[in-house]
Amino acid sequence: MNASTKTNLVLDLTIFAAFLVIASPALTGNTIHEWLGVAFGAAIVTYLLFHWKWLVEVTTKFFQNFFSQSRLNYAVDLLFFLAMTAALLSGLMISKDVMSFLGIQLDVSRNWKTIHNLASDASVILLGIHFALHWKWLLANIGCYIVSPLASIFKPREQKPVVAMPLQTSKEK
Amino acid sequence: MKVILRILVILLVATVVSSGVYALVENTSLVSSNEAERGAPPQMTDTDDASFQPMERPADGDEHGASLSRGVGEMGVLLAKISGITIIVLLVQKAAALLQNKKLKTV
């Protein structure tokens with residue numbers, strides 16, 4: 001799946017907005033928080049599909065050039081994936097609405113709540129690092145695809161200067 | 001077909017990770033025994049259960065309810081945390097680049 005920069009930017013911003021909403025359960029309430037969490041799993045899969053080529057490339061050449069920026073990106077992204085998987089799994093384990101909707105009753109240990117909190121905190125930290133590592137890309141593309149088009153809407157249009165044209169009389173013709 | 005295979009690979013990796021987390025959590029004790037005794041595990045009671053009693057939601061929202069003011073505040077804190085971490089990492093990167101430049105100049 002080859003995605004343009006614009007598509008990647010839209011996907012990134014959408015996932016970021018979804019993350020903010022999911023990580024604020026007080027905003028949505030518990031039921032929506034749980035279902036959004038399930039949907040976020042699908043969003044992560046989509047994100048990985050869009051970056052599949054890069055993913056395969058870096059995975060196969062991971063140890064060839066270990067100390068490079070893309071390896072750091074890869075490590076951060078991998079940790080983020082692990083943290084989100086742990087958060088989703090623990091969220092499902094402690095969920096009340098999703099599991100009861102599916103007709104599953106779980107008698108789980110309280111450790112899952114701790115794991116859910118730890119994984120959520122870790123994913124926030126990793127998201128911050130991910131942002132910092134892609135800062136230049138983000139700034140450039142937000143400027144190019146969001147700020148510039150918005151600015152051009154509010155910018156007054158330049159009027160073409162009126163040039164006086166000499167009138168031609170029938171005699172001159 | 002290719003995309004379906006890729007999705008399956010991603011789900012497989014997620015399953016492996018989930019199994020690891022599950023094994024880790026179920027075989028280790030993260031909460032002290034006293035704490036575990038105090039708090040009962042989450043119960044998945046059915047709505048038709050006789051013991052189920054619906055709780056009245058306070059106006060400002062409760063633990064499980066939505067509250068716009070609390071939610072926006074929570075989101076603001078979250079944004080501040082992410083921004084803080086981003087700024088710290090950017091500063092560290094800048095400092096590392098400066099140190100590297102200094103080293104190159106001295107050599």
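Reader: How does helix 1 of chain A pass helix 3 of chain A, in a left-handed or right-handed crossing?
Author: In this predicted model, the crossing of helix 1 and helix 3 of chain A is left-handed.

Reader: At what angle do the axes cross?
Author: Roughly 155°, with the axes of helix 1 (residues 5–22) and helix 3 (residues 30–50) of chain A coming within 10 Å. Angles over 145 degrees count as roughly antiparallel, so that is how helix 1 and helix 3 of chain A run relative to each other.

Reader: Which residues meet there?
Author: From helix 1 of chain A, Asn8(A), Leu11(A), Ile15(A), Ala18(A), Val21(A) and Ile22(A). On the helix 3 side they meet His33(A), Leu36(A), Gly37(A), Phe40(A), Ala43(A), Tyr47(A) and Phe50(A). By class, that contact has 10 nonpolar residues, 3 polar and no charged.

Reader: Now the chain A and chain B contact. How many residues from each?
Author: Chain A puts in 39 residues and chain B 37.

Reader: Which helix of chain A gives the most?
Author: Helix 7 of chain A, with 11 residues. Chain A's side as a whole has 25 nonpolar, 11 polar and 3 charged residues.

Reader: What ipTM does the predictor give the complex?
Author: The ipTM is 0.77, and the pTM is 0.75.

Reader: And where in chain B is confidence lowest?
Author: In helix 2 (residues 33–38) of chain B, at a mean of 48, whereas helix 3 (residues 68–106) of chain B is highest at 90. The pLDDT stays below 50 over residues 32–61 of chain B, a stretch with 27 contacts in the model beyond near neighbours in sequence. For chain B overall, the mean pLDDT is 74, with 64% of residues at 70 or more.

Notes. Residues numbered from 1 in each chain as written. Chains lettered and ligands numbered in written order. Predicted model: local features only at pLDDT ≥ 70, side-chain atom pairs only at ≥ 80, totals over all residues. Axes fitted to C-alpha atoms, helices over the stretch in contact; angles between N-to-C directions. Helix = DSSP H or I, 4+ residues; strand = E, 2+ residues; numbered from the N terminus. Parallel < 35°, antiparallel > 145°, perpendicular 65-115°, else oblique. Left-handed = near helix turned anticlockwise from the far one by under 90°. Contact = placed C-beta atoms within 7 Å. Nonpolar A, V, L, I, M, F, W, Y, C, P; charged D, E, K, R; others polar. pLDDT = per-residue confidence, 0-100.
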